[in-house]
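The sequence and the model are shown first.

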Amino acid sequence: MSLEAFQQAVAHYVAAPARCLALRADPALADGFALDARERRRLVAMVAHWGMSYQCTLYRANRLTPLGRSLPRSCALLGADLVPLLERFWASADEAELQFKREAQRFGHWLLERIAAGELRQAGLEAAVREELRDLEGRFGPVVQ
Amino acid sequence: MNPDRAARGVGAVINRTLADFLATHPAALDYLELMPEMLWTDYGRGSAPRYEEMPAARAMVDRLAAQYPLVCHGIGLSIGSAMPLDEQHLAQVARTAERYGAGRYSEHLGFFRVATGPGHDRHMGLGMPLPCDEAVLDWLIPRVRRAGEMLGMPLLLENGVRHTPYADEDMSEPQFLNRLGAATGCGVLLDLHNLYTDYRNNGSPPDAYIAELDLALVREIHVAGGAMLGRAYTDAHAGPCPSTVTALLRALVPACPRLEGITFEFHESVAPRFGPAALQNELALLAEIWSSHHVA
């Protein structure tokens, strides 16, 4: 049993539909993980299963929820740019972080960097991001341990 | 904790809309189920400090705990992750359970986190079930024993949804749970809506699962409603229970000799369209099923 490698492989694929499509096209990509023969068969079968599409969607929904709930005005101001920006953000921060405060802070500061670089020019966006980041701080209290 | 009542009967998972509902329907529930992780931000093992309290959530739970018995339902332990058991998290939830006098603690039979290095990990974005293999069972048994020791209260493990079933497992999940329960003393939180979700998506019959499970292990049952997302039926906690789930519950309750509660799960985002009247009706139905086999 190489359970750790198997779980790492599952995490790798649920985070990226493009990787799933690549594995479906070339099962030899599973050789990149130190799996035993049964785990390798399982991984390839999982990724080929239609339910993998739902799991990838669930992963993205779970990552989107902290952002939509914590930075609602910023997300609304981004409009049609939001989804491609999320793709870029997730590509640059592959590690899921479902803790609302930390994930919203990561995305908020990432947006501020894009604004400073002149990539995002939506009216009122910078003010909205800064205000929502401040609000976020106010919703959390002192560290307890 | 309300000292006058035991956490038996019909409960619901605490969310931000439930307090408003209970203000006008105080007798609708016998107990509440707390997800301890709603009380803090967890920066993950290896972080110092690791936990950051959320005072508003804590204040709400303190108020509710003064009125209702609580049980705990964790989402952060990831007992099935292939890394050392997260004893820091167990200690954190044990303190919470003790503070509220929780009568039992349940967690998911699965893995949610993966290691990123020695002593560090990250959330993988969703929860996945464990493969039901002999080697996994042997590895899990001492972890469940240790978790039970640290918690000092009954530990229940919950069946999850299997959107992508594992090929070539050594045993079925109910067989896995039976052996895990026999070896460790842990109980089962049987989520009927998860079974129904698997049935809708992959045709796995809930009756067959239930027939294989040692029902003496079942201490709590979860029920919920779902929703379609594309081709998939999802455990979205999106409203009333499907009639199939209610029928399963009705048949199962008298067959579980150690059952302590039926817990209804609904997501706070559906509360506006669910509405208090529909919620009250759903809870009344569950109470009728419970009371038909249990004396108050």
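A:E132 belongs to helix α8, residues 125–138 of chain A; helices are DSSP runs of H or I of at least four residues, and strands are E runs of at least two, numbered from the N terminus. Beyond its neighbours within four places in sequence, A:E132 has contacts (heavy atoms within 4.5 Å) with A:S70, A:L71, A:P72, A:R73 and A:S74.

The model is predicted: local features need pLDDT of at least 70 and side-chain atom pairs pLDDT 80 or more, whereas totals for chains, interfaces and linings use all residues. Residues are numbered from 1 along each chain as its sequence is written, chains are lettered from A and ligands numbered from 1 in the order in which they are written, and side-chain values use heavy atoms, without hydrogens and water.

Chain B contains ten helices and 14 strands. Its radius of gyration, taken over C-alpha atoms, is 18 Å, close to the 19 Å of the globule rule (2.2 Å times the number of residues to the power 0.38) for 296 residues, so chain B is as compact as a globular protein of that length.

| Property of chain B | Value |
|---|---|
| Box of C-alpha atoms along the principal axes | roughly 50 × 45 × 40 Å |
| Buried residues | 61% of 296 residues |
| Contacts joining residues at least 24 apart, among those between residues at least 6 apart in sequence | 76% |

Methods: Buried means under 20% relative accessible area, exposed over 50%, partly exposed in between (1.4 Å probe, protein chains only).
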